[in-house]
Amino acid sequence: VIHDIKVIEGSDKLFVAMPSRKTPEGEFKDIAHPINMEMRDKLEKSILEKYQTALVSEMEETKEEQ
């Protein structure tokens, strides 16, 4: 289980930010790391697909309420 993953809108696309903690020096360091690029790609694809599904669902609910 990974908590606190964030979907962030970049200048040209959405991307996934891993959970992080602030160090005593004020820097943020990731605390979860995919084991390799293949795993990172799979994880990001899955998260972004679910995010898009949730957005569509939310938009449909908003339309129904109007």
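This is a predicted model: local features need pLDDT of at least 70, side-chain atom pairs count only at pLDDT 80 or more; totals for chains, interfaces and linings use all residues.

Visitor: Where does Lys50 sit?

Guide: Lys50 is in helix α1, which covers residues 37–65.

Visitor: Noted. Is Lys50 buried or exposed, and why?

Guide: Lys50 counts as exposed because its relative accessibility is 62%, and the cut-off for exposed is over 50%.

Visitor: What about Met37, where is that?

Guide: Met37 is in helix α1 too. Met37 has 55% relative accessibility, so it counts as exposed.

Visitor: Okay, switching to the strands. How do β1 and β2 pair?

Guide: They pair in the antiparallel sense, over four bridges. Strand β1 is residues 6–9 and strand β2 is residues 14–17.

Visitor: And what joins β1 to β2?

Guide: A hairpin, running through four residues.

Visitor: Which residue stands opposite Val7?

Guide: That's Val16, in β2.

Visitor: Let's back up to the stretch before β1. Where does Ile5 lie, and what is it in contact with?

Guide: Ile5 lies in that segment before β1. If you set aside neighbours within four places in sequence, Ile5 is in contact with Val16, Ala17, Pro19 and Ile47.

Guide: Partly exposed, because its relative accessibility is 27%, while buried means under 20%.

Visitor: How far is Ile5 from Glu60?

Guide: Their C-alpha atoms are separated by 25 Å, and the two residues are 55 apart along the chain.

Visitor: What's up with the phi of Asp4?

Guide: Phi of Asp4 is near 70 degrees, which is a positive value in a residue other than glycine. Most residues other than glycine have a negative phi. Asp4 is in the segment before β1.

Visitor: Moving on to Ser20. Which strand is that in?

Guide: Ser20 is in strand β3, residues 20–22. At 25% relative accessibility, Ser20 counts as partly exposed.

Visitor: And what does Ser20 contact?

Guide: Beyond its neighbours within four places in sequence, Ser20 is in contact with Phe28, Lys29, Asp30 and Ile31. As for Pro34, its C-alpha atom is separated by 13 Å from that of Ser20, and those two are 14 residues apart along the chain.

Visitor: Time to zoom out. How many helices and strands does the chain have?

Guide: One helix and four strands. Starting at the N terminus, the order is β-β-β-β-α.

Visitor: How does the radius of gyration look against a compact globule?

Guide: The chain has 15 Å, whereas a compact globule of 66 residues would be near 11 Å. Along the principal axes, the C-alpha atoms fill a box of roughly 50 × 30 × 30 Å.

Visitor: What share of the residues count as buried?

Guide: 15% of the 66 residues. The chain exposes about 5,900 Å², and carbon and sulfur atoms supply 51% of that.

Definitions and conventions:
Residues are numbered from 1 along each chain as its sequence is written. Side-chain values use heavy atoms; hydrogens and water are left out. Helices (H or I, at least four residues) and strands (E, at least two) are DSSP runs, numbered from the N terminus. The radius of gyration is taken over C-alpha atoms; the globule rule is 2.2 Å times the number of residues to the power 0.38. Buried means under 20% relative accessible area, exposed over 50%, partly exposed in between (1.4 Å probe, protein chains only). Accessible areas come from the Shrake-Rupley method with a 1.4 Å probe; for residues, only the protein chains shown count as cover. Two strands pair if DSSP finds at least two bridges between them. Contact means heavy atoms within 4.5 Å.
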